[in-house]
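Colleague: I am new to this structure. Please take me through the terms one at a time, each with its rule.

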Amino acid sequence: MNVVVWLAEGTWQACVDAAAEVAPPSATITLLHVTDPALAEDVSDAFGGLMGRGTRGPDPGAAVGAAAARAQEELLAAAAARLDRPSSPVRRQGRLEREVVTAAEGADLLVVARDGPVTRLGPRSLNPPTRFVVDHAPCAVLLVWPTAPPPVDTIPPPPPHKAAPPPHKAAPPPHKAAPPPPPPP
C-alpha cells in the first residue's frame, strides 16, 4: 500500500497521526510538503515596485524563499519524527492543489486534513485548494479533522422550504371553427 500524507502548516500533525493509525506496517509512506514560489515572487515584485526595479541591495523575495525552504525542512523532519517509522520526504514547488494531485498519482491513499473553520460541520471546513485536491485526487482520500470534530448539531440548517409553485392550468383547447355548411342541393 502506498500512502501519501500531505503536510500543511497547522494541520500536519493530524495527517501524520491518521497515517500511523491506518497504514499497515508494510505500507510505503510518503510525507509530502508543497511550497508555492509565488509568495517569494510577490515579495520581489512588491519590493521592485516600491523601491524601483534598479534598486541595489538584497531582494527580500530571496529571503522569503530561503525561509520557506528552511521551514519545509523543519516540518518534514518533525513529521518523520512524529510518524516514527520509515517514510520518504517529498518536496514540491508550485500550485498547492496541482502539486498534491500530481504527487498522489499511483498512491493507494492520500491523507488530507480539513483546513477551514473547524467550529462546525459543513463544506466550508475545506479551503479551496483542499477542496480541489479532494475532488480531483486520483486515489482514495482520507479526510481528517485537525482537532476533535464539532458536534453533529453544528450542521447548518437546511435552506428554508419554498412553497411548491402553483400548478399550471392546462391551456384551453384551441377554438374549433364551426364546420363548413353543407353544399347546396
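Modeller: Strand β1 (residues 2-7) and strand β4 (residues 109-113) run parallel and are joined by 3 bridges. This is a predicted model, in which local features need pLDDT of at least 70 and side-chain atom pairs count only at pLDDT 80 or more, while totals for chains, interfaces and linings use all residues. Residues are numbered from 1 along each chain as its sequence is written, and side-chain values use heavy atoms, with hydrogens and water left out.

Colleague: What makes β1 and β4 a pair?

Modeller: Strands are DSSP runs of E with at least two residues, helices are runs of H or I with at least four, and both are numbered from the N terminus. Two strands pair if DSSP finds at least two bridges between them. With 3 bridges, β1 and β4 meet that rule.

Colleague: Why is Ser-26 called exposed?

Modeller: Exposed means over 50% relative accessible area, buried under 20%, and partly exposed in between, with a 1.4 Å probe and protein chains only. Ser-26 has 63% relative accessibility, so it counts as exposed. Ser-26 is placed in the loop between α1 and β2.

Colleague: What makes a set of residues a nonpolar core?

Modeller: The residues must be buried Ala, Val, Leu, Ile, Met, Phe, Trp, Tyr or Cys, joined through side-chain atoms within 4.5 Å. The largest such core has 21 residues, and Val-3, Val-5 and Val-111 are among those with the most contacts inside it. Helix α1 gives the most to this core, with 6 residues.

Colleague: How do you know that the charge of Arg-114 sits over the ring of Trp-145?

Modeller: The rule asks for NZ of Lys or CZ of Arg within 6 Å of the ring centre and within 35 degrees of the ring normal. The charged end of Arg-114 is 4.5 Å from the centre of the Trp-145 ring and is listed as sitting over it.
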